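Trainee: I am new to this structure. Can we go through it step by step?

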Amino acid sequence: MPELPEVETTLRGIEPHIVSKSVSSVIVRQKSLRWPVPVSLIQKKLKNKRIDNIKRRGKYLLLESSKEHLIIHLGMSGSLRISDKEHIKKHDHIDICFNDGTILRYCDPRRFGCFLWSDDLDNHFLLKDLGPEPLGNHFNGEYLFKLSKKRKTPIKNFIMNSKIVVGVGNIYASEALYASGIKPSSQAGRVPRNKYEILAHEIVTILKKSIKDGGTTLRDFVSGNNEPGYFKQSLKVYGREGKECYACKTIIKGQRIGQRASAYCPNCQTRF
DNA sequence: CGCTGACCCTGACGGC
DNA sequence: TGCCGTCAGGGTCAGC
């Protein structure tokens, strides 16, 4: 479920319910996530401590307390919601309980997500090599073009690589490449600079629009009624294999690139 | 260093 | 109705 826009929407949804509140307890029902959850460490660090703020880095959520951080990743199927003692569902693995009764509850059926603790965020192995934020000041076409030189990997893999730029998942990589007129299997190093200018612009535009949409359809974090669905309306190629391109009526093609489903219009998207 | 493919896990869905 | 194969929005890691 979570692409960058949903992680950002999750942040905005839970922030007012947890920031400046004190943790009373942390309950872990299932500690087997992407890495084992360091249960006693997290309990010790958070018990009777305040959550000072919450930030996002790529698709990671960072809950700060006493200058240290709880690092949360939602993986493929994770979600966070505000709940209460009841309403525990299958795969609700972790509760962070606050002294006013609020519970931040983590659910993750596939368990590809993670809960880790860091006392030195800048040097944490999950964060230290991450590329720039696509919505930050250091991301643009020139940056992408420079890093792409001599790279033979398909451009879709290139922009999904979090060391290059964070937060571009399978959906938005496909959509941004369509909007830019670039065939996803093109070797990154063969795509011209002017195309990278367009691509960087499209990535920013699409992510911003999705955050805006996510904010309007995914805002109820209290009842747990946070069904996504915003993206389906505006998708041009993702999941549309075999259907007509909205622009030229050519049949959208499907192709596996780097073990991930990809879709593109053979007419609108150029091979470089 | 860059690239490829295996792998982590559960659930939904389509074909038989 | 059930069984089986395939696929899913994430990312790491070993091996070449």
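Mentor: Begin with a definition: a residue is buried when its relative accessible area is under 20%, exposed when it is over 50%, and partly exposed in between. Keep in mind that this is a predicted model.

Trainee: Is D95 buried or exposed?
Mentor: The cut-off for buried is under 20%. D95 has 2% relative accessibility, so D95 counts as buried.

Trainee: Which residue forms a salt bridge with D95?
Mentor: D95 lies in strand 6 (residues 92–98). Its partner sits in the loop between strand 1 (23–28) and helix 2 (39–46), so the pair ties together parts that are 66 residues apart in sequence. The closest N and O atoms are 2.5 Å apart, and the partner is R29.

Trainee: Where do E8 and R12 lie?
Mentor: The two form a salt bridge, with the closest N and O atoms 2.9 Å apart. E8 counts as buried at 12% relative accessibility, while R12 counts as partly exposed at 49%. They are four residues apart, about one turn of the helix, and both lie in helix 1.

Trainee: Which residues are linked with E8 and R12 in a network of salt bridges?
Mentor: The structure holds 15 salt bridges. The network that includes E8 and R12 also links R56, R57 and E133.

Trainee: Now the domains. How far apart are the C-alpha centres of domain 1 and domain 2?
Mentor: Chain A is divided into domain 1 (4–123) and domain 2 (141–264). Their C-alpha centres lie 28 Å apart.

Trainee: Which element gives the largest share of the side of domain 1 that touches domain 2?
Mentor: Helix 1 (4–18) and strand 5 (79–83) each give two or more residues to that side. By class, the side has six nonpolar, six polar and six charged residues. The largest share, 10 residues, comes from helix 1.

Conventions. Residues are numbered from 1 along each chain as its sequence is written. Chains are lettered from A and ligands numbered from 1 in the order in which they are written. This is a predicted model: local features need pLDDT of at least 70, side-chain atom pairs count only at pLDDT 80 or more; totals for chains, interfaces and linings use all residues. Side-chain values use heavy atoms; hydrogens and water are left out. Domain bounds come from an automatic or database domain assignment. Ala, Val, Leu, Ile, Met, Phe, Trp, Tyr, Cys and Pro count as nonpolar, Asp, Glu, Lys and Arg as charged, and the others, Gly among them, as polar. A salt bridge is a side-chain nitrogen of Lys or Arg within 4 Å of a carboxyl oxygen of Asp or Glu. Buried means under 20% relative accessible area, exposed over 50%, partly exposed in between (1.4 Å probe, protein chains only).
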